[in-house]
Amino acid sequence: DAHPESGAKINGESPPQFQECIEVAFRAHSCIPQMRSLAWDIAPTENGPMIFEGNRYWNWEKLQRANRRGIIKGALAEELPAILGSR
């Protein structure tokens, strides 16, 4: 619900230009459909989202192994189907 050190609210908040960044990622990925999965590094800027890197190997498995648990759970796991379905 809140950051453990600063106390800043997390639950219910979204990063700047979140929906726009998702749309940019989908548009970029549609240009290279032969790639099944890519991780896009996208930054919100004053001029809108900017892609600065696309990674074929995005290492989510290593994060899960290092944490000894899945990384997509809780509120994100509940909201992800709606986010991805909004394409």
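Me: Which residue in β2 stands opposite aspartate 41?
Reply: Glutamate 53 stands opposite aspartate 41. This is a predicted model, in which local features need pLDDT of at least 70, side-chain atom pairs count only at pLDDT 80 or more, and totals for chains, interfaces and linings use all residues. Residues are numbered from 1 along each chain as its sequence is written, and side-chain values use heavy atoms, with hydrogens and water left out.

Me: What makes β1 and β2 a pair of strands?
Reply: Two strands pair if DSSP finds at least two bridges between them. Strand β1 (residues 39-43) and strand β2 (residues 50-55) have 5 bridges in the antiparallel sense, so they meet the definition of a pair. Their hairpin has 6 residues between the strands, and there glycine 48 takes a positive phi near 105 degrees.

Me: How do you know what counts as a helix or a strand, and how many of them does the protein chain have?
Reply: Helices (H or I, at least four residues) and strands (E, at least two) are DSSP runs, numbered from the N terminus. On that basis the protein chain has 3 helices and 2 strands, in the order α-β-β-α-α along the sequence.

Me: Which residues of α1 are buried, and what puts them on the same side?
Reply: Cys21, Ile22, Val24, Ala25 and Ala28 are buried in α1 (under 20% relative accessible area, where exposed is over 50% and partly exposed is in between, with a 1.4 Å probe and protein chains only). They cover an arc of only 160 degrees around the axis, and therefore lie on the same side of α1. That arc is taken from the directions from the helix axis to the C-beta atoms. The face turned away from the buried side carries the exposed residues Arg27 and Ser30.

Me: Why is the contact of glutamate 13 and lysine 9 called a salt bridge?
Reply: A salt bridge needs a side-chain nitrogen of Lys or Arg within 4 Å of a carboxyl oxygen of Asp or Glu. The side chains of glutamate 13 and lysine 9 meet at 3.7 Å, N to O, so the pair qualifies. By this rule the count comes to 1 salt bridge.

Me: Where is alanine 75, and why is it called partly exposed?
Reply: Alanine 75 is in helix α3 (residues 74-85). At 38% relative accessibility, it counts as partly exposed. The C-alpha atoms of alanine 75 and glycine 12 are separated by 9.0 Å, with the two residues 63 apart along the chain.

Me: How many residues does the protein chain have, and what percentage of them is buried?
Reply: The protein chain has 87 residues, and buried residues make up 10% of them.
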